[in-house]
Amino acid sequence: MGRLRRIFRYYLLSLKFDVKTLFAYPEAFWMAAFTQPLWAIVQMIFIETLYGQTSNFLGYSKYDSYMLYGTYKAIQSLAVMIFYLRLQDLTEEIRGTSQWSLDMMLLKPIDSQLFATSGKYWLPELTNILVGAGMVMYGLVNEPRMINGLQILAYFYVLFLALIVVYVLYFVLQTLLFWFDYLQVGEAFWIRMQGFGKYPRELYHGGLGVLVNIAIPVTLMGSVPVEYLLGRIPYTMLAMYTVVVAALFFLSRWFWFFSLKRYSSFSS
Amino acid sequence: MAEKTVISVNHLQKYFTVPEKTAGFSASLRSLVHRKYKTVKAVDDVTFSIREGEIVGFLGPNGAGKTTTLKMLTGILYPTNGTVDVLGHIPQKHEKVFQKQISLVMGQKNQLWWDLPATDAFLLNKEIYGISDATYNKAFAELTELLGVAPVLATPVRKLSLGQRMKCELIAALLHEPKILFLDEPTIGLDVATQKRVREFLIKINRERGTTIMLTSHYMEDVEAVSSRVIMINHGHKLYDGTIAKLMATYAKDKYLMVEFSKPVQSTRLAEVGEVVSSRETRATIAVPRKDHAKRAALLLTRFPVENLDIKEMKLEDVILEHFSK
Amino acid sequence: MKYWRTFLLTIQTELQYRANLVLWIIEGAIAPVVMVLAWFVVLGNRSEVGGYTRGDFITYYLAVTFGWYVVAGTFSQMIGRAIKMGEMNITLVKPYNVVLEKMVREQAWKFISLLIALPILAVVTYMFRSYVTVSLSGVQIFMTMVSFALGAILFAIIEATIGILAFWFVEIWPIADTSMACMNVFGGMLAPLTLMPIFFQRVAAYLPFKYVFFVPVSMLLGKGDNASFELGLQVIFIVVCFGIYSLIWRAGLKRYEGIGG
């Protein structure tokens, strides 16, 4: 219990400091806050283009698609806000070119994975989260629907699972840096993989379908939660999703500790 | 008075497998398909133990294996072979109980958050180590006063000078009152005044708190000024383990006669007195065996027109250069 | 020439990161694949939408991907950083243009990507050859290649312009990001311009982005109506953009010297 309290206080303090920095450099915040929703606009244009040629996309109406994309955007931005900075820092830290050393992190009496991959917040993503939530509202309001409490619960539960998936994906890509030395392609890959989550899961068949719907279920970011919200998918699937996500999380954690062992902080 | 052994290292080995760097365009193409690796023996069979309250200097040239050994003592690296025991724990297990009792300060890497003022970074450390408010406030007051950093505490760490940053790193490392403090090249890049300050600080906390200190350096002055015992290491091997005094007595076989003549003397003639280290027209430095130095000095005085004669000890640096750097 | 050496050296360092290269290829392929899948769904039972058949969509996105390797290579951030680090001093003192150097570096990197991507692209094209709808005459092929080259030049000028804005702005990434978003929308990377809402098509005509990607790709698909006219427009935009770049460059250097770098 004491340990949990310690960790909680540490994260709270970190957040306080990040907010303090925000007020110290507001221009950086506003710049990021205004340019990042651009990509949401780009995707909205694509949705409009697609629906200019059809009114039904795999069972999704235009407003369903807005809800899908809004959910996706909100989760993606949440992951970025909480985990992106630290996960990105890992690149330099693993290579040993950072001033802030991975070695030092291993020394602290706190779980190394927790410490190395979280604790610094990218607050400008807040605008993106708001944009995503706004799109979901827009989609909900423009079409009459019946939604019960259980569906809403399932929706948020799937969002929680999706957050873990997005985190684990970047986490594994960064852990691979212990084994291969490669440039920012890890991050680009992370963003692209998420890209599969922008569309309904039925879009993907065969091998690709298994990959993005089950193995690395990025479709949990948008398609699956919306389908739960609209009651279009059986609750039994939740069990499968939970098992897959838990497996991914523990595998990635094992991989992290295994790589740390092999870790060479060799520098002449 | 038997003091507790806090660090015990037995036949420690660390071998690294490194890819061979290729040079040239065609070699780069080839490396796309087939990579060659080689083994680097960073630490090769090192054994020693350290008792509570000691200050031990780990001395050796760059690439000798000092930093690697330190990293194995703190649990950052896993040994290839051999055992490490620190405070009754195996460092590689990363037990929280163990981690709260040690601290590591590295001269070239930081543990302080870059964007925050030092005080904020200290507070974050406080939460991580679970330091009580009382302990923290006392340690904070003491350490900031000892090192004189009060004026810079509100400045973001990245804006501090190297000296100020090192002082803050030391404070951060000692807030949780560790039993052992490890330092890797702590004075590197610092100006002379700050180096002195840091050395005095280390001696002080060792004396007042009983903190065991182990530091690596390739600066002679760090080791001479601070530690009572020195371990020499090169090419991953331990070459010497003992006090500095004994090192000098064992290896500093010579004393130096620094002589000034009233008339120019040819250096070839001086060879009968001893080994001529340097000579200019009316000045010379001659190395003579320690046992015989009085006799040789007398010889010099009778045979040559000596105006001034000084008898000096060999310096630690010279000893090391002569006996340990091959 | 000194730039040739930079070119070779960059290729050499890049070859060291082989996992890197393979991943970049895979990464670049994902988005277009998904877009094509989406359009297939939209097509449903229809044979064409807005004048684009299944084959057209595949060819279109293949061409956009290919075009990305040939044309694009973002070096605006590199220039921005160079300005921050004071590298511009070199340009002021020696007969060596830092902007040109960054551009060359990026070209080397693109070149490798292209080399590695070409066989893969060839394989993919062969796999979908029944879909691929490219039938051009010799003249058309020539004009298409010219168009791609012009697109590349235009892209480089845009990147360079964004880069040198670092003389004024502490951070240029918001501008670079906005430019990339515009490139996606108005350049036709997102979807064929002719399928997009009319509003965007109209705006696109007045912005340079269309002439980087969409124009050469349309030519490749044989959908360019008036090839020489489009080429002419590309040239005009190149001239105009380069003029803007030169003005900004001169003003920027003055400001830089004034501040002392």
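Let's start with one pair of residues: B:L181 stands opposite B:I213 in β7(B). This is a predicted model, where local features need pLDDT of at least 70, side-chain atom pairs count only at pLDDT 80 or more, and totals for chains, interfaces and linings use all residues. Residues are numbered from 1 along each chain as its sequence is written, chains are lettered from A and ligands numbered from 1 in the order in which they are written, and side-chain values use heavy atoms, leaving out hydrogens and water.

Strands of a sheet pair through backbone hydrogen bonds, either parallel or antiparallel. Here, β6 (residues 180-184) and β7 (residues 212-217) of chain B pair in the parallel sense over five bridges. Strands are DSSP runs of E, at least two residues long, numbered from the N terminus, and two of them pair if DSSP finds at least two bridges between them.

Now zoom out. In chain B, six strands make an open sheet with mixed pairing, in the order β5-β6-β7-β3-β8-β9. Its edge strands, β5 (102-106) and β9 (237-243) of chain B, each pair on one side only.

Further along, β10 (residues 254-261) of chain B is joined by seven bridges to the antiparallel β12 (residues 283-289) of chain B; there, B:V259 has B:A284 as its bridge partner. β10(B) also pairs with β13 (residues 306-313) of chain B, again antiparallel and over seven bridges, and in β13(B) you'll find B:I311 opposite B:L257.

Over on chain A, look for A:W179 in the loop between α8 (149-175) and α9 (185-195).

Key:
Helices (H or I, at least four residues) and strands (E, at least two) are DSSP runs, numbered from the N terminus.
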